[in-house]
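Subject: Structure to look through

Dear colleague,

My notes on what was found in it follow below.

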Amino acid sequence: MTIGTFSYPSPTNEPIVQYGPGTPEKAALKKRISELKHSPVDIPMFIGGECIFTDKRIAINPPFEKNFFLGQFNEGEEQHVHQAVDAALAAKEGWENISWENRAHIFLKAADLLATKYRYHIVGTTMLGQGKNVYQAEIDAACEFIDFIRFNVHYLSEIYKQQPLSSPGMHNRVEWRPLEGFVLAVSPFNFTAIGGNLAASAALCGNVVVWKPAYTQIYSANIIMQVFKEAGLPDGVINLIYVDGPILGKVCFSHPDFAGVHFTGSTNVFNTMWQTIGQNISKFKSYPRIVGETGGKDFVMIHKSANVDVAVTALIRGAFEFQGQKCSAASRAYLPSNLSAAIKSKLIETLATLKMGTVEDFTNFVNAVIDERAFDKIVGFIESARKDSSVKIIAGGNYDKSVGYFIEPTVIETSNPKYKTMCEEIFGPVLTIFTYDAEHFEETLNLVDTTSPYALTGAIIAQDRFAVELATNKLRNSAGNFYVNDKPTGAVVGQQPFGGARGSGTNDKAGSLINLYRWLSARTVKEVLVPATDYGYPFLGEV
Ligand code: NAD
């Protein structure tokens, strides 16, 4: 029974807790971190209404203190993927038929729980498990995640309002159906909010979901699942499993009810997924939705009119916050010859003031990279640069994995604009800079556009409005999120819808209407009020 059309007005962004010195918030968060460290967890998978424990337990260690035991998670096998898909499909009918306001209120309650009761829990687990400093964890695990949920409820209510015209004598309507089958959500390690949102956005639209996070994000994913459950999410709507990627793909990408994948992660993994889905296309009941936000090689283009302090701040925050482990991290910068010396010297001087260490010491700006695999890969780039006579390491370059995976913020200077660290995604605290002839700005914009296969984020730093205009136009397809006089990171839900094209993904803009459309399948219903009873049209009559 429809007894009203309910409204969900646009929310405001969740305020960022600053955790300043002496604040009760800081004391409460520190207390929660200490409690977390003193209570190791045994994290199950969540399939249907059950918590699944296995005999394959994998330890969870903070990246900055690799021998400390935070707990363990229970790894699954192929049978668990089948169970998760079955549980999702079993929950489907009930979930897609429940009223919109009940679906919305489960997630709005989850957002409120994250903003209050679970705030320090979600921020603390993100700090300890993923090695984010307090500010990075707060803007991700609390603010962005809460915003994703609240804004998506508003956006979906706007989509539901979109209805076609009706001519006299008939009524037309569009039903925004969930997809037939189940949605697979596969999330990366670097954002707690992304993990939760990949699953929740599809579920909000009435879909049932199998969610597999990166192993290095399970410590905070477990809290997300607890919050969803406490908010009243019915069993089986989101099933959280920890299995190896290829095993997951083997089951899901050949299942007839596979309806779509909501992925964020590296370009190579997404390409492999797309290939497998393509090869199996005749096995599915519907054409699956393939949504992926992938890698980046994000640029900062500095014009000769730039303010040096603005440029250096954009580089430091853009390249080194969360150790450069953001898909949007600035990793290649183009310095104009007139300002190059000043920017470099200010950059080196400022980098020397950044403290590196554990997340528990709030004075550290830089922490450890996520794990040994990432550490070794990033160090490989640094060592290869050290051996190459065409490039020079002008800041950082040291690293140590004896206690945690620490790599100093590193700046590589190259005279070759196509040097590999100008083109390839490193995903660590490494920025490569190239100085161009300040009088060849336009040619250098072409270079920026053609240097890497990615097109995620980028920034122009300039005071000259003609330079801003030229860069904005010439770099139109070089980035899905383009910044003027700012760092290329830190997109906010509702303000800068996020995503890139080319090798950076399908650009379906997480936290926007565009993304939600991908989890909906419209059905148009035309109803004629007084139907025709004679096949004849007027043109058939001849006098
Ligand atoms: P990743 O590609 O290694 O892993 C992402 C997820 O895919 C994980 O859950 C992983 O277990 C899973 N996976 C790996 N191989 C698989 C396979 N064969 N089949 C199915 N699943 C598989 O990425 P990561 O290291 O966790 O995250 C870093 C990457 O994510 C970077 O490339 C970064 O640019 C990208 N990223 C992009 C965005 C964006 O919005 N564009 C946001 C965050 C991260």
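The largest nonpolar core of this predicted model has 124 residues, and among them L184, F228, I238 and V261 touch the most other members. Helix α5, which covers residues 134-161, gives the largest share of this core, with 14 residues. Because residues of this core come both from domain 1 (24-294 + 505-526) and from domain 2 (298-484), the core lies between the two domains. There is also a second, separate core, made of 32 residues, and I302, V366, L431 and A491 are included in it.

If its neighbours within four places in sequence are left aside, F228 is in contact with F107, A110, F145, G196, A200, L233 and I238. One of these contacts, I238, is itself among the core residues that touch the most other members.

As for the domains, the domain assignment divides the chain into domain 1, with residues 24-294 + 505-526, and domain 2, with residues 298-484. Their centres, taken over C-alpha atoms, are separated by 31 Å, and the contact between them takes 24 residues from domain 1 and 28 residues from domain 2.

Next comes the empty space inside the protein. Rolling a probe the size of a water molecule over the atoms is a way to show where such space is left. In this structure there are three cavities of 30 Å³ or more. The largest cavity holds about 80 Å³ of space and has a lining of 14 residues, of which G324, A329, S331, I426 and F427 lie nearest its centre. Sorted by class, the lining of the largest cavity has seven nonpolar, four polar and three charged residues.

The second largest cavity has a volume of about 50 Å³, and its lining includes F46, I47, G48, M225 and K229, together with L233, P234, D235, G236, I238 and N239. At least two residues of this lining come from each of β2 (45-47), α7 (218-230) and β9 (238-240). The classes here are six nonpolar, three polar and two charged.

Finally, please look at T125, which has its place in helix α4, residues 119-130. Is T125 buried or exposed? Its relative accessible area is 1%, and since buried means under 20%, T125 counts as buried. Not counting residues up to four places away in sequence, T125 touches L36, Q130, Y219, S220 and I223. T125 and Q217 are 92 residues apart in sequence, while from C-alpha to C-alpha they are 9.1 Å apart in space.

With kind regards

Technical notes: Residues numbered from 1 in each chain as written. Predicted model: local features only at pLDDT ≥ 70, side-chain atom pairs only at ≥ 80, totals over all residues. Heavy atoms only, no water. 1 Å grid on protein atoms, 1.4 Å probe; cavity = no way out; pocket = protein on both sides within 12 Å on 5 of 7 lines; lining within 4 Å. Points joined across faces, edges and corners; volume = space filled by probe spheres on them. Nonpolar A, V, L, I, M, F, W, Y, C, P; charged D, E, K, R; others polar. Helix = DSSP H or I, 4+ residues; strand = E, 2+ residues; numbered from the N terminus. Core = buried A, V, L, I, M, F, W, Y, C linked by side-chain atoms within 4.5 Å. Buried < 20%, exposed > 50% of the residue type's maximum accessible area, 1.4 Å probe, protein only. Domains from an automatic or database assignment. Contact = heavy atoms within 4.5 Å.
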